Amino acid sequence: MVARVAGVFDEKLTEAIANSKILVVGAGGIGCEILKNLVLTGFPNIEIIDLDTIDVSNLNRQFLFHKEHVGKSKAQVAKDSALSFNPNVNIVAHHDSVISNDYGVSYFKQFQIVMNALDNRVARNHVNRMCLAANVPLIETGTAGYAGQVELIKKGLTQCYECQPKAPQKTYPGCTIRNTPSEPIHCIVWAKHLFNQLFGEEDPDQDVSPDTADPEAAGEAGASALSSEGTTSGNVERKSTRTWAAETNYDPEKLFTKLFGDDIRYLLSMENLWKKRRPPTPLTWNNLPGKDNPQEQHTGLPDQRIWSLYECAQVFNASCTALQKDLKSRPEGDHLVWDKDEKSAMDFVTACANIRAHIFNIPIKSRFEIKSMAGNIIPAIATANAIVAGLAVLRAQAVLRGDIASCTSVYLRPKVNHRGQLFVPEKTLTPPNPKCYVCAPKPEVGLACNLKQLTLKDLTTAFKEGLNMQAPDATVEGKGLVVLSSEPGETDHNNDKTLEEIGLNDGCALLVDDFLQNYEVRVRLQQEDEEKLWRLVTDTDTPMPEPKPANGSNGSDPKPGPSTSRDNDSDSDLEIIDEDDDEPAVKPPKRRRTEMNSDEVVELC
Ligand SMILES: [Zn+2]
């Protein structure tokens, strides 16, 4: 292999490679490429860890896997395939979650470098902390479509994965979804909710009928809308959409008339909503645009053709019938699960989203575009993965050479920038954020909450979701009093008590630690009467991103992924990059990291 060919690398690097031991976390799109590069370069000792098994959809780019491997462990098959290139490498494969007690700080300490090839924030945060605790350089990689990045994280020298606050996931207020959509995504979210209301698991937070509690509709108009309830067919929203649909035997025409006619007229009666907006236009089943027009010529893929409204209604009709049949064939109480790859489910969402978009004067999208938006799919691109993995292994070589200063972050851009660059490196290493609540010498963070309302259980959630801990323990600073214990049963009896009831007050500081992560942070409690739940505050000027609503009803955590977390996610193809909203790949050092989007979250207004 390359490292053994005299003259390719200088002696120092050849020796460093020969004595190295590398951990690769994740054996997906980037992980396969990294493993191949390491093996071909001549790295002699490699461990690879991945919780996931191989899916058919991985095969187009995760080239260490073939058809016969579907269902098998990614880590194990990656190892076996890589050994076929170079049987002299010692590879240890772990089919496991990296977030496990089995992989503590001492485990991480045995490696010269850890290389992250992950697809979710939870695992990235965790490996970040393990590497900080073990003081092992971490090479963090990510791609999203044609964009990508590689960065070195080295304790004390560079910023860590958590130095910059990350933007929360995109949320859409419930009233926007139900009453005043203005973008295609609003209609797509609505259509997915409608699918669940009719055929899937009914969720009260996914109501699709007009929202009479919309604060914007208040006033006389709102009142008149409310008073008209019961006299028009607008009253159906008082009945569950499922019940109503079942009573009509899922008659597509009746469903259409209610959803795209009556409900829209009901919305129109909430006049306040339309004072500054273009009002929606209700539709009637028998009078849809496009009926008499022949199909427009289209040269692209069938899924890329934009349907006329008449065609949307036809697809609505057919998919409704198919889905109802599917639902009926299941045992009582069973329901369908929305899947972008299931034809009728995707047809239904495309048709409904487009019909609703038309009503609200929002541009209509092709089935292809809607599928990508509804499934949160950013296509995983084999070349981007390969490029990023190549850069990552070059950075690993530089680290082994002791040339850390050259290991600045590199961004792969989807298009060349104005300087003609496709790869854009930072000029210097980005230093740690002294206020980082993870890698600062004495990590500290504020937690704004209403102590009279926040329970111990909520506090645990705040530590887990806000501070990304796995098993937090908390004591009161100066008193040593244990408030929260990760040992089952020790503090559970207090779970429903408020922080005030436990004796915590404004200004009180907690020492919170996670044994597994070898991480301790001082958390200052700040009483805020208005606070609905909790909010992290790094200092008075820079509030941290809002947490997700804590009722747990709205989807999940920042993109739980298959590689290391135990959650099962259908978007196992998605690799995540930190990036800016509009300009994916490249930003000046002050960039804010945001996760590539994820499931929509709907807040009730
Ligand atoms: Zn940090």
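**Close-up views of a predicted protein chain**

**View 1. Helix H2 against helix H3.** Gly31, Cys32, Leu35, Lys36, Val39 and Leu40 of H2 meet Ala78, Ala82 and Phe85 of H3. Two residues are in contact if their C-beta atoms, placed from the backbone, lie within 7 Å. Helices (H or I, at least four residues) and strands (E, at least two) are DSSP runs, numbered from the N terminus. By class, this contact of H2 with H3 has 7 nonpolar, 1 polar and 1 charged residues. Ala, Val, Leu, Ile, Met, Phe, Trp, Tyr, Cys and Pro count as nonpolar, Asp, Glu, Lys and Arg as charged, and the others, Gly among them, as polar. The model is predicted: local features need pLDDT of at least 70, side-chain atom pairs count only at pLDDT 80 or more, and totals for chains, interfaces and linings use all residues. Residues are numbered from 1 along each chain as its sequence is written.

H2 and H3 (residues 74-85) pack at an angle of about 30°, and their axes are 10 Å apart. H2 is therefore roughly parallel to H3. Axes are lines fitted to C-alpha atoms, for helices over the stretch in contact, and angles run from 0 to 180 degrees between N-to-C directions. Angles under 35 degrees count as roughly parallel, over 145 as roughly antiparallel, 65 to 115 as roughly perpendicular and the rest as oblique. The crossing of H2 and H3 is right-handed. A crossing is left-handed if the near helix is turned anticlockwise from the far one by less than a right angle, and right-handed if clockwise.

**View 2. Helix H2 against helix H14.** H2 (residues 29-41) also packs with H14 (residues 382-401); the two axes come within 8 Å and cross at roughly 45°. H2 and H14 are therefore oblique to each other, and their crossing is right-handed. On the H2 side the contact is made by Gly29, Ile30, Glu33, Ile34, Asn37, Leu38 and Thr41, and on the H14 side by Asn385, Ala386, Val388, Ala389, Gly390, Ala392 and Val393. These residues divide into 8 nonpolar, 5 polar and 1 charged.

**View 3. Helix H7 against helix H12.** The axes of H7 (residues 184-198) and H12 (residues 343-359) are 8 Å apart, at an angle of about 130°. H7 is therefore oblique to H12. H7 passes H12 in a right-handed crossing. The residues in contact include Trp190 and Phe195 of H7, and Phe348 and Arg356 of H12. The contact of H7 with H12 has 13 nonpolar, no polar and 2 charged residues.

View 4. UniProt, in an unreviewed entry, places the feature "domain: Ubiquitin-activating enzyme SCCH" at residues 333-371. UniProt positions are given in the numbering used here, feature names are shortened, and annotations may be inferred rather than shown by experiment. Over residues 333-371 the chain is 56% helix and 0% strand, with the end C-alpha atoms 28 Å apart. Asn361 lies in the loop between H12 and helix H13 (367-374). Phi of Asn361 is near 60°, a positive value in a residue other than glycine. Asn361 is partly exposed, with 13 other C-beta atoms within 10 Å. A residue is buried if 20 or more other C-beta atoms lie within 10 Å of its own, exposed if 12 or fewer, and partly exposed in between; C-beta atoms are placed from the backbone.

View 5. An unreviewed UniProt entry lists Cys175 for "active site". Cys175 is in helix H6 (residues 174-178). Cys175 counts as buried because there are 20 C-beta neighbours inside 10 Å.

View 6. Pro210 is in the loop between H7 and helix H8 (220-227). Pro210 is buried, with 24 other C-beta atoms within 10 Å. Pro210 and Asp263 are 53 residues apart in sequence, and their C-alpha atoms are 6.5 Å apart in space. Met469 is in the loop between helix H15 (456-466) and strand E12 (472-476). Met469 is buried, with 25 other C-beta atoms within 10 Å. Not counting residues up to four places away in sequence, Met469 touches Phe463, Lys464, Asp514 and Gln517. The C-alpha atoms of Met469 and Asn125 are separated by 9.0 Å, although these residues are 344 residues apart along the chain.
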